[in-house]
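Please look over the sequence and the model before reading the comments. The points can be checked one at a time.

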Amino acid sequence: MPALTRRLPRALLVGSAAALMTAVLQAPAYADLDDLGNAGGGEKGGNITATAGVQYNYDHNGTSSSGHPAGALKPAGNWKPPACWYEPYYTPAQLKAEREGVWAQPSVGNEWVVGQKDHYENGKPYTDFNLDKTGKGYWWYGYVPHPGAPGWDECQDPPFWVDKGDTPPAAHRNVITPAVLAELAYNEIRIPTGDASINPAGKQGVNIPTWVWMNPTVFHPVSVTAFLPDYNVSATTTAKPSSISIDPGTSYAQTYPASGKCKGTGKAWTAGAGNVPPCGVVYLKDSGSGTYTMNVTVTWNISWVGTGHPDPTALPTGTFTSHQTVRPMKNAEQRKQDMAAVQTAADNVRTAVNDVTPFLVNPCRGG
């Protein structure tokens, strides 16, 4: 059974088996000055069955692993999904009840009510709210998932009718199309999060390569499908991990490659793999009593396919960064060599002082 979910801010579930089956949802309220005329604002409040609006299939979305929850991508640049969009919203009976409730308000101007009744009831262009088309389509209206977000008030056109299976008129901003569904699906993607795999894993050495890679069993392609079941339109947006970047957390380090940007997501260390990792870091200084924070950023390539769009179309890349504590320490042999080097330097200083001392005591000696 696919994981189908209708994402709306508030759900009104009536306590009966039949009501639970229909999953009636309550839409959000927001000011609608243009559509309510002299009313000066109002509530966009019709109930709609769960099968009408945008739905999502999360079967192939990212999941938590190794104690890390799945997380949202950070899109590149300033890209954001639509703040509002037009989707199937009212049945004919629901719109009739909602409009008649507004018309009955004492603050609503009579001239505006007459115009509304002509528009929805008297055939200019609709007749009796299209009650004769019940079950054959929906009234589409602007939906706002997060009232107050930038752009939330850009979908305030009056309700318009679309027969099931028909393409909605493109004149309405962000009316549901495969491309809009792809962006909505992007916003629903959750990627696996967690730390990079590193070797040595327990204690990092100094001047010894640390290999870095992302576990492919965890960091793998994920996808979400958004669709309108009554209109035969859908889009699947897929995120694929494409590369990683390493910030070692200190200037006393050398990354491989030098840019710190690895091709692909790194390669797991294996015995006999050699000293130069295709993706990794060499710490050049002991962290002493402290630690370094190694930041590993995974870049995900995003693309979508959908109804009438079989070829993948790119969307802005997304990233996720893990922050890992490392503590490079010199091994016993390196510490022994350091102590020997210090001793040698001290011996050299003493020798130099002994050689110079006679001249300091008797500058004329040897002349």
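This is a predicted model: local features need pLDDT of at least 70, side-chain atom pairs count only at pLDDT 80 or more; totals for chains, interfaces and linings use all residues.

1. Residues are numbered from 1 along each chain as its sequence is written, and side-chain values use heavy atoms, with hydrogens and water left out.

2. Four strands form an open sheet in the order β12-β13-β18-β16, with antiparallel pairing. At the edges are β12 and β16 (253–256), each pairing on one side only. From one strand to the next, the twist averages 20°. Strands (E, at least two residues) and helices (H or I, at least four) are DSSP runs, numbered from the N terminus. Two strands pair if DSSP finds at least two bridges between them.

3. β16 and β18 (residues 280–283) run antiparallel and are joined by four bridges. Tyr256 has Gly280 in β18 as its bridge partner.

4. Ala201 lies in the loop between β12 (197–199) and β13 (209–213). Ala201 counts as exposed because its relative accessibility is 56%. Buried means under 20% relative accessible area, exposed over 50%, and partly exposed in between (1.4 Å probe, protein chains only). The C-alpha atoms of Ala201 and Trp211 are 9.1 Å apart, with the two residues ten apart along the chain.

5. Which residues of α4 (residues 110–120) are buried? They are Trp112, Val113, Gln116 and Tyr120. These residues lie on the same side of α4 because they cover an arc of only 100° around the axis; the arc is that of the directions from the helix axis to the C-beta atoms. Asn110 and Glu111, on the other side of α4, are exposed.

Technical notes:
Axes are lines fitted to C-alpha atoms, for helices over the stretch in contact, and angles run from 0 to 180 degrees between N-to-C directions.
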